[in-house]
Amino acid sequence: MQGLMQDWPLLVHTILDHARDWHGDREIVSRTVEGPIHRYTYRDLDRRARQIASASARRLGLTEGDVVATMAWNGYRHMEIWYGLMGLGAVVHTLNPRLFADQLDYIVNHAEDQWIFLDTTFVPVLEAVRERIPRVKGFIVMTDKAHMPAETSLPNVICYEDLIAEGDSGFAWPKLDENTACGMCYTSGTTGNPKGVVYTHRSNVLHAMATCAADALALSSRDTIMPVVPMFHANAWSTAFSAPMAGANMVMPGAQMDGASIYELLDREHVTLTAAVPTVWLMLLQYLGQNKDLKLNALERVVIGGAACPEAMMKAFEKDYDTTVIHAWGMTEMSPLGSLGTRKGGLEDMAPDAWWQTKLKQGRPAFTVEMKIADDEGTDLPNDGKTFGRLKVRGPAIAHSYFKGEGAEAFDAEGWFDTGDVATIDENGYMQITDRSKDVIKSGGEWISSIDLENVAVGCPGVAEAAAIGMPHPKWDERPMLVIVKEGGADVSKDQILAHLDGKIAKWWTPDDVVFTDSIPHTATGKISKLELRQQFKDHKLPTI
Ligand code: AMP
């Protein structure tokens with residue numbers, strides 16, 4: 001028997017319809033690339049999204065299925081392009097400006113991007129690859145006439161404000177199937193070339209609903225949300241969809257992500273929830289450390305993910321600034337949020353120490369995410385909080401394949417996606433990442449968690465950043481080595497770091513060496529690049545003990 005309920009395709013424009021109709025006065029505040037702060041409402045966003053959709057259909061010839069790229073910071077124009085072009089049925093492909101030039105042209109060509117919308121900041125980035133992306137028809141610079149670059153070698157350049165002025169604010173969204181593609185984001189994945197993840201309208205709407213839930217981010221119309229995590233990093237962790245869905249104000253930080261600029265917006269705009277990778281929070285906490293009279297008065301929750309949240313960071317937010325940390329784990333392939341570290345019903349009476357250790361884990365799955373660990377042969381492993389295994393997920397906001405069918409080995413016949421992470425899951429369902437499968441340190445056949453080592457090491461006074469890598473060893477195959485960046489002015493020694501680790505990790509996990517460096521290489525999404533680090537230290541000899 002069929003149910004008798006109305007069918008309503010889950011299209012992303014329905015999110016904006018709701019925001020316009022019921023939260024029309026809520027604001028999007030953007031720090032613009034041009035300088036001034038820009039403010040407008042969801043009602044304005046709806047109007048301009050329709051304008052850019054109609055103008056792009058008319059002047060750029062865009063239609064359903066066309067792929068269009070953006071290279072832009074978080075800001076109101078970027079939101080208009082997302083909602084406008086997705087509403088039109090086009091696929092918005094976010095480009096990460098931190099990619100190396102050869103990765104960038106590979107991605108643009110592979111995705112078959114037809115046009116690129118870009119902030120003025122990125123004109124030189126695209127000029128550098130222009131000749132290697134010949135199929136791109138033109139470039140829309142996201143500014144007004146007064147701020148257009150005086151000269152550029154980019155061909156067929158259009159001023160965004162000129163384009164949008166030609167558009168019709170009454171443009172009607174076409175009727176689309178909810179499984180129509182609407183977004184694309186490349187991920188460096190585990191091996192080989194970057195791979196394209198293609199989101200659907202349905203997956204984005206479902207994911208936004210799941211992330212709004214009280215046990216996830218608990219978003220509401222009383223919140224003011226600042227996604228510092230860029231829209232080009234996996235949908236700004238869904239906030240570009242979940243904030244309007246909840247009717248929350250949005251604060252968009254633009255290009256300035258240093259501690260002082262982030263603090264200024266958090267404070268002035270009374271931001272209640274913010275989200276970013278640990279590197280950003282390190283900068284904010286350093287700034288706060290230098291300006292001891294500053295407080296985070298309005299901030300209630302900070303979402304930390306993309307890389308493990310160090311204990312010292314969680315402590316600083318929770319204990320020094322009275323801000324709740326939500327440690328989240330996810331992947332581009334998962335829209336991206338997969339698990340969040342909020343307290344589960346039944347754990348109210350957990351001893352404070354035990355809860356603290358649980359909170360440091362990567363959290364428990366949000367609705368729509370199925371999760372398990374398995375061994376290399378594919379046998380499921382127990383959720384006992386001790387057994388490590390390959391972390392696998394499936395669900396309606398998780399990719400079932402990559403663009404053009406690449407990387408098929410990551411997906412099995414039952415629809416499980418192998419995340420490439422190694423994890424434990426405890427009795428309460430909290431998952432803890434211990435490594436990337438390719439970064440795991442295997443000593444004498446046993447796994448050592450590089451993330452655990454790093455977390456403990458960054459808790460040592462004087463250590464700004466730590467990375468653990470496996471070094472070849474004649475007896476044990478591999479032994480761990482720590483690479484340390486000292487805090488400015490700090491004079492911490494190898495012996496002090498080893499003494500700090502003592503008692504906090506298993507004895508046999510103790511690194512065979514600790515080396516110091518000025519900076520640790522990061523990938524385009526802000527993660528430590530273990531690949532580069534291993535390359536950098538390939539000739540380093542471990543001391544013989
Ligand atoms: P991306 O697709 O760029 O977001 O990268 C996803 C990968 O980042 C995951 O597979 C993890 O290896 C890593 N990651 C994301 N969040 C966390 C976290 N909270 N702790 C540790 N690793 C994380």
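How do the residues of the lining of the second largest pocket divide into nonpolar, polar and charged? They divide into seven nonpolar, six polar and five charged. Here Ala, Val, Leu, Ile, Met, Phe, Trp, Tyr, Cys and Pro count as nonpolar, Asp, Glu, Lys and Arg as charged, and the others, Gly among them, as polar.

The model is predicted, so local features need pLDDT of at least 70 and side-chain atom pairs count only at pLDDT 80 or more, while totals for chains, interfaces and linings use all residues. Residues are numbered from 1 along each chain as its sequence is written, and side-chain values use heavy atoms, with hydrogens and water left out.

Start with the sheet. It is open and has nine strands, in the order β2-β1-β11-β10-β12-β13-β14-β15-β16. Its pairing is mixed. Two strands pair if DSSP finds at least two bridges between them. Strands (E, at least two residues) and helices (H or I, at least four) are DSSP runs, numbered from the N terminus. The edge strands are β2 (37-41) and β16 (364-365), each pairing on one side only. Strand β15 (residues 337-340) runs antiparallel to β16, and two bridges join them. Leu340 stands opposite Arg364 in β16.

Helix α10 lies across β12 (273-276) and β13 (301-304), at about 120 degrees to β12. Axes are lines fitted to C-alpha atoms, for helices over the stretch in contact, and angles run from 0 to 180 degrees between N-to-C directions.

Now follow α10 to its partner. Helix α9 (residues 259-268) packs with α10 (residues 278-290) at an angle of about 85 degrees. Their axes are 8 Å apart. The two helices are therefore roughly perpendicular, a term for angles of 65 to 115 degrees. Gly259, Ala260, Ile262, Tyr263 and Leu266 in α9 meet Trp281, Met283, Leu284, Tyr287 and Leu288 in α10. Contact means heavy atoms within 4.5 Å. By class, the residues of this contact are nine nonpolar, one polar and no charged.

Next comes a hairpin. Strand β19 (residues 417-425) and β20 pair in the antiparallel sense over five bridges. Val422 stands opposite Asp435 in β20. Five residues lie between the strands, and Gly429 takes a positive phi near 90 degrees.

A pocket is an open set of points on a 1 Å grid over the protein atoms alone, with protein on both sides within 12 Å along at least five of seven lines; a cavity is a set where a 1.4 Å probe fits but cannot get out; lining residues have an atom within 4 Å of a point. Grid points are joined across faces, edges and corners, and a volume is the space filled by probe spheres set on the points.

The second largest pocket has a volume of about 420 Å³. It is lined by 18 residues, and Glu311, Gln357, Leu360, Asn455 and Val456 are the closest to its centre. α11 (311-320), β20 (431-436) and α13 (450-458) each supply at least two lining residues. α13 gives the most, with four.

Last, the cavities. The whole structure has three of 30 Å³ or more. The largest cavity has a volume of about 130 Å³. Of its 14 lining residues, Thr32, Val33, Gly75, Tyr76 and Asp119 lie nearest the centre. β1 (27-31) and α3 (76-88) each give two or more residues to this lining. The largest share, three residues, comes from α3.

Definitions and conventions
Angles under 35 degrees count as roughly parallel, over 145 as roughly antiparallel, 65 to 115 as roughly perpendicular and the rest as oblique.
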